[in-house]
Amino acid sequence: MKTVCYRINAVAPEVEILDEAAQLIRCGELVAFPTETVYGLGADALNREAVNKIFIAKGRMPDNPLIIHVSSKEQVVDLVKSIPGEAMALMERFWPGPLTLVMESSPTVPDVVRAGSRSVGVRMPRHPVALKLIERAGPLAAPSANRSGRPSPTTADHVRHDLEGRIAAILDAGPTGMGIESTVLQVIEKPYQILRPGGIPAEELEEVLPGLIARGNQIHPADKYPHYQTRADIIILSANEDIKALVDRNRHQGKKIGIVVHNVVAYSHIFDEMDKVYRVEAEPELAGRAFYSILRDADDCELDVLLFEPYAEQGTGAALMDRIRKASRR
Ligand code: TXA
Ligand code: MG
């Protein structure tokens, strides 16, 4: 299959391109599109054959459910059994934005979208291209637009690399804004559980629903699905680490080493011994933008070890640390 790539304006998307993409979706084809978090791979959420193509193109396990993307709160009504009052309050505050709400599904949502589950995840993205595409084509089932086991794509190039020839089209609106995926929150049973930390921090959810968000060391159910695997072993640096010894040890074994740092002063003494230094922002929100690109680049450079300076586990730092940890697990 030939994958058509359209350049599209991120702020004021060209109507002709949106119309062509919507037409493809209506014909049951797959179109990759930008959201404020990462690129998504969209199919008509109510067309089971189209949704099935997503699992084939990505090589995704059929038991891993997809998020339905909407362009208005009204569209949610047909997708779920009922909208709990608390969910409504969260939508009012955080939509459009990086918050996915898992609610009881309506029977109209095809089984394949929910991977057989009785619940469905819904979110309204905050990106003009995504919103205008959904306005034309209707709700889109969309996972991140990477091959399963690869980092989420934050540029159209990443999508092309993973899915060229496997999908109908890519809407290229430049790099995405956040770079880390949406927060997935279950709002069926109290206390509501964060299934995946993401763009909206737990602290902000708690402001809207005080005492209703589960706290503590939860195992995130979404963790049961395989994550991206980098070629490099990822090591999170700890404050009292003897980094010099760590680097020497790996050097002796002939390993190629990279480091991702925001506190340049604290680590500059070992930069000369690094094959690659990635300087990132001190603000986790900003650092998140570069995260998946760095993982891809580390693989392209054939690094064997990638050292990460940690972020504080609060606000969006928690989501970034979650992704670093997932990448570091073998
Ligand atoms: O930011 C995002 O969420 C991006 C953009 C494209 O919107 N999408 C995304 O989709 O990251 P995906 O499929 O790569 O990750 C969705 C996660 C998966 O871990 C999935 O298991 C979980 O959300 N999920 C989806 N529907 C669910 C449901 N009904 N119950 C529990 N978990 C669900
Ligand atoms: Mg994904």
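Reply: Thr-37, Asn-64, His-69, Ser-182 and Arg-196 come nearest among the 23 residues around ligand 1, where a residue is near a molecule if one of its heavy atoms lies within 4 Å of it. The model is a predicted one, in which local features need pLDDT of at least 70 and side-chain atom pairs count only at pLDDT 80 or more, while totals for chains, interfaces and linings use all residues. Residues are numbered from 1 along each chain as its sequence is written, chains are lettered from A and ligands numbered from 1 in the order in which they are written, and side-chain values use heavy atoms, with hydrogens and water left out.

In the side chain of Asn-64, an N or O atom is 2.7 Å from an oxygen atom of ligand 1. For Arg-196, the distance between a side-chain N or O atom and an oxygen atom of the ligand is 2.8 Å, and for Arg-60 a polar side-chain atom lies 3.0 Å from a ligand oxygen. The protein buries 92% of the 680 Å² that ligand 1 exposes when taken alone; such areas come from the Shrake-Rupley method with a 1.4 Å probe.

Strand 4 (67-69), strand 6 (119-123) and strand 10 (193-196) each supply at least two of its residues, and strand 6 gives the largest share, 4 residues. Strands here are DSSP runs of type E with at least two residues, and helices are runs of type H or I with at least four, numbered from the N terminus. By class, the shell has 11 nonpolar, 8 polar and 4 charged residues. Ala, Val, Leu, Ile, Met, Phe, Trp, Tyr, Cys and Pro count as nonpolar, Asp, Glu, Lys and Arg as charged, and the others, Gly among them, as polar.

Elsewhere, Pro-210 lies in the loop between helix 7 (202-208) and strand 11 (233-236). Pro-210 counts as exposed because its relative accessibility is 63%, the class being set at over 50%, with buried under 20% and partly exposed in between (1.4 Å probe, protein chains only). Pro-197 is 13 residues from Pro-210 along the chain, and their C-alpha atoms are separated by 17 Å.

Notes
A polar contact is a pair of N or O atoms within 3.5 Å; within protein, one must be able to donate a hydrogen and the other to accept it, and residues adjacent in sequence count only if both atoms are side-chain atoms.
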